[in-house]
Amino acid sequence: MDKFYSVHDIQDWNIMALLPYDGAMIPGLRKFHEPSATFHYAKRDIVIRQNWNQLGVAAVVWDAAIVLCTYLELGTIQLQDRTVIELGAGTGLVGIVAALLGADVTVTDREVALQFLESNLQENIPPDLQNKVRARELNWGVNLDQFDPGSYDVVLGADVVYLEEAFPALLETLEYLSSEETTVLLSCRIRYERDQNFLQMLGSRFVVEKVHYDTEKDVHVYKAQKRMAKEDL
């Protein structure tokens, strides 16, 4: 019999996504039940705790996060001394890598995931960088005024494009956090028509280009920059 785990909810919308899992039938998902996963970025080993049973998708490392970390390490986007915010940070891997590459990082997720997220930060951020990283609650489209608008150099999101009902709130959040100088990097698989629809929505407010594609993992990295006011005329 399949087991169903609650994997994500959007506050105030009463929306719940459920992912069926049967360990005998889907061996590819077994890695998510490992208590930890180890990666090597920025000349350091990073050990990420996972907890699928309690937090579902928020507490495992997905391929989109791995691909985005690899892209960041290429150095195409300057991170040294830049202000970075990550949406839907989950395990915190992407934010940790950004911090190790020199950024001042705010990682965000829902309140229920923050304690778990903070534990991975504490275990992987060296003492001399602890003041450069913090975790904050952020529900897309909710209480955005708790953040300074357009104040970040880089906005990161790995596998945040998945729930169609959340697209307007995600787009609103990206717009709020971005200035015309902000670089947005989103990594995701393009699996369904709704994913293409989000890219079209994003393209109405941002200039969007694909900057990386991992053929093995089938993950795209998109770069987006907020359109200048005159472009909307």
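**Figure 1. Parallel pairing of strands β5 and β8.** Strand β5 (residues 83–87) and strand β8 (residues 154–158) run parallel and are joined by four bridges. Helices (H or I, at least four residues) and strands (E, at least two) are DSSP runs, numbered from the N terminus; two strands pair if DSSP finds at least two bridges between them. I85 has V155 of β8 as its bridge partner. Helix α5 (residues 167–177) packs on the sheet and touches β5, β8, β9 (183–188), β10 and β11 (219–226). The direction of α5 makes about 175 degrees with that of β5; axes are lines fitted to C-alpha atoms, for helices over the stretch in contact, and angles run from 0 to 180 degrees between N-to-C directions.

The model is predicted: local features need pLDDT of at least 70, side-chain atom pairs count only at pLDDT 80 or more, and totals for chains, interfaces and linings use all residues. Residues are numbered from 1 along each chain as its sequence is written, and side-chain values use heavy atoms, with hydrogens and water left out.

**Figure 2. The open sheet of seven strands.** The strand order is β7-β6-β5-β8-β9-β11-β10, and the pairing is mixed. From one strand to the next the twist averages 20 degrees. Helix α4 (residues 111–124) lies across β6 (104–109) and β7, at about 170 degrees to β7.

Figure 3. Y41 belongs to strand β3 (residues 36–41). Its relative accessible area is 6%, so Y41 is buried (buried means under 20% relative accessible area, exposed over 50%, partly exposed in between; 1.4 Å probe, protein chains only). Beyond neighbours within four places in sequence, Y41 is in contact (heavy atoms within 4.5 Å) with residues including I46, C69, E73 and L100. The C-alpha atoms of Y41 and V97 are 6.6 Å apart, although 56 residues separate the two along the chain. The Y41 side chain reaches the backbone oxygen of I66 at 3.2 Å.

**Figure 4. Salt bridge between D63 and R189.** The two side chains meet at 2.9 Å, N to O; a salt bridge is a side-chain nitrogen of Lys or Arg within 4 Å of a carboxyl oxygen of Asp or Glu. D63 lies in helix α2 (residues 63–73) and R189 in the loop between β9 and α6 (193–205), so the pair ties together parts 126 residues apart in sequence. D63 is buried at 15% relative accessible area, whereas R189, at 26%, is partly exposed.

Note on methods: A polar contact is a pair of N or O atoms within 3.5 Å; within protein, one must be able to donate a hydrogen and the other to accept it, and residues adjacent in sequence count only if both atoms are side-chain atoms.
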